[in-house]
Structure formats: C-alpha cells, structure tokens
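Hi,

Here is the structure I promised to hand over. Have a look at it first, and then read my notes below.

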Amino acid sequence: MFQQLPMYQRIGAQAFKKDLSRTLKLAKHLNNPHKNFKSVHIAGTNGKGSTSHMLASVFQEAGYKVGLYTSPHLKDFRERIKVNGKFIPKKSVVSFIYANKDFLTENQLSFFEMTVGMAFDYFSRVKVDIAIIEVGLGGRLDSTNIITPEVSVITNIGLDHTAFLGNSLPEIAREKAGIIKDNIPVIIGEKQKETTEVFEDVASKHNSDIYFAQDFKTSGYHTDLKGDYQNKNMKTAIAAVEILRETGWEFPEECLKNGLNSVKLHTSLQGRWDILKEKPRVICDTAHNTEGLTLVFEQLKNEKFQHLHIVLGVVNDKDLEKILPLFPKTAIYYFSKPEVPRGLEAKILQEKASGFELEGRVFNSVSEAYDAAVDAALDEDLVFVGGSTFTVAEII
C-alpha cells in the first residue's frame, strides 16, 4: 500500500487529486458501501479530528455502533478506521487489498482514495449505526465527499494548504463549504467575519439550515482532552449533538457528559496536548499551522517551568516565515527531520529558525533530539515536542 500508492502525507502535492471521479468509480466497484450507513461529515482547518473523536465517543456512550474515519495516523495505519474505538482488523485490511488489488492498480488510485474506499466498505460490512467521517483536505473535492450525512460540520477556517484551497479565508471557506448538501443542516464551529457570508450563501443555495456553535448553550460541560483549544471543539460537538437530537438520534444528557469526558478511553485519541511524562514535564501536540500553534503557545505560557526545551521538526512545504515567529525565543531548540520524504532537513530548519532568534542544535533523528532534550532538562523544566504530526508520531 505504502510503496505502490501515492500518499499526500508522505510526498505532498503529487498525491493530491482534485477530482472525485476515481473515488466514485471505486465506490461503484465496491457496490456503493457509503449508501449503507448513516454519517456525520466534519471539515475544517483545525479541530476536525478532535471534534470527530468527541462525537464518536458521545455516540458510543449512547449505545450506538460507531465507525470513525480520520487522518493521518500517528503509529499504525489502522488508526484511521475504527469501530467503537477498535482498529480495523489486520485481516480486513489485507483481504480488502487482496480482493481489489487489480482495480486499485489499474485505476492508479491514491493512498487516500483507497483508504476511504476501505473504510466505507468496512463500515458497511460490520453494519455501523453511524460513521463519523473526517475530511482529509478541503471538502468539495475530498474523497470523503460522496456521502450524504445527517449533519455537516465545519470547525473553522485558517490559512493552511493554500496551494490547493486558495489564498484567502473566503476562498478556503468556499472549498470547505463543498461538504454542505441539499437539505442537510450544517454547523459552523467558529463564526468568523471573513467566512460567515460564504457559508450562509452556500447553505442558502442548498436549502440547508445553518447553525453556529456559539449560539448553543455549552456551559457546564467538560472533556478529558486537555488542550485549552478543546473548549472550541467541545462546543462544536455539543452543537452537532443538539441538531442530531432534533433529527431523531437519542442522546441522554448523561451520555453526552460521559462521552465528552471519555474521549481517550473510547477512541484512543493521541497527540493533542498529550502529557507524556512528569519530571521533566513532557508535552506533545500535533498543531502545525499558524492558528493551531498560536493556541498551543498561548497554553504553554500558563505552564510553570524553569527552562523550556522544544523538539522541533517540520515538513518541507510549511511556510516557516509565518510559523517560526510564533515560537518562543527563550526556549532551547532541538532541531530534527521527521522520517518521511516531505521532512525538512534539520540543518535547513536550524538556519531558518536562527533568523528568528531561535537557537539550538541539530540532531540526526527526532528520537535522538527527544532523548537529548529529556536528558538535558531539569525536573523543573518543560519539554515540548511538535511542529508536525510526524514529529509527534516518532516519540509518542
């Protein structure tokens, strides 16, 4: 799978296909499995993964059989496809590839297209009550966008993947609004003045009721996900639950509260403000764009420590001119290259970072950088690991 099929997370733009024709062809080949289960579709620049996991947890707590499709994975490919928190079995992955290998090869499907097909086929076979489907990139032309969900959710809009989605917030919003379907309600997680008009316009054209999470009562709820930014995602998830209740789904209040408080238990979510160690305190987070990193560093300011050590690795298409100014100048840096083809050479990262007064040493690998940071840190210090999903994946 990994060798023969292009994968955006590993090689970047070459794997991105702005076209749904091959996904639809694969769906037809598989007898349209996406038509056999109900779904919730979640897009957005940040928070869509966490919101997806929260909703899956709430559905599980309410007794439903829940499929969860997310990307990318951290350690194991099967993290992308879960039912009630359990990974798709290895034998199911193997049998899907074995049964469809000729079709996949002949039609040159991308890694993501193939994985979406595998997920939909699996959810259909095991007869889930609902599948929570996270968009991969964008929305309008994302391979997941062949479903007709119970509700569409768009968490927020930021300037990420501009090469594919547009150079302004309204342009990106219009791409992500592509998941809005005729007569299907849509929830917007964050009301932004630059994008509200776009969402209202698209919703109107599709005769879709539009809701904003800020208009729902969300006080008195808590989640076991520790990042401060999770409060926004929790509000979005609660708004989705309220709309789903109106369409006939049953969520007793206790199930909503327990589900939000048991996200890690039910879904095994990792990499979002994860505290890996104490003395020294070690925190990792997969935030990698301006909006996400801004929120992470705001929370870091509230941490108490003597010295801050940052293990940093990024991919080579990251706009360093935008993200490096966000990093604290007082930290000690451990520069490394994530072990993927898109990983940026640590020496280049160090040189770029130096221009923003971020100083530190270069290491041969993320794990070597991590070990050095932990060894150098005092018990009263804090070690933060981030910059890329792939950097976090190597130490978690």
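One term before the rest: I call two residues in contact when they have heavy atoms within 4.5 Å. Also, helices (H or I, at least four residues) and strands (E, at least two) are DSSP runs, numbered from the N terminus.

A word on the source: this is a predicted model, in which local features need pLDDT of at least 70, side-chain atom pairs count only at pLDDT 80 or more, and totals for chains, interfaces and linings use all residues. Residues are numbered from 1 along each chain as its sequence is written, and side-chain values use heavy atoms, with hydrogens and water left out.

Let's start with tyrosine 334, which sits in strand β12. Its relative accessibility is 4%, so it counts as buried (under 20% relative accessible area; exposed is over 50%, partly exposed in between; 1.4 Å probe, protein chains only). Setting aside neighbours within four places in sequence, tyrosine 334 is in contact with His309, Ile310, Val311, Leu312, Arg361, Phe363, Ala369, Ala372, Ala373 and Ala376. Tyrosine 370 is 36 residues away from tyrosine 334 in sequence, and 7.6 Å from it in space, C-alpha to C-alpha.

Now the sheet. β12 belongs to an open sheet of 6 strands, in the order β9-β10-β14-β11-β12-β13 and with mixed pairing. Its edge strands, β9 (274–277) and β13 (360–362), each pair on one side only; two strands pair if DSSP finds at least two bridges between them. Further in, β10 (residues 281–284) and β14 (residues 382–386) run parallel and are joined by 4 bridges. Arginine 281 faces leucine 382 of β14. Helix α14 (residues 346–354) lies across β11 (308–312), β12 (332–335) and β13, at about 160° to β13. For such angles, axes are lines fitted to C-alpha atoms (for helices over the stretch in contact), and values run from 0 to 180 degrees between N-to-C directions.

Elsewhere, helices α4 (residues 90–106) and α5 (residues 111–125) pack at about 125°, with axes 11 Å apart. The contact involves Ser92, Val93, Phe96, Ile97 and Leu104 of α4, and Met114, Gly117, Met118, Asp121 and Tyr122 of α5.

Last, lysine 226 is in the loop between β8 (210–212) and α9 (230–246). Leaving out neighbours within four places in sequence, lysine 226 is in contact with Trp273 and Gln299.

Cheers
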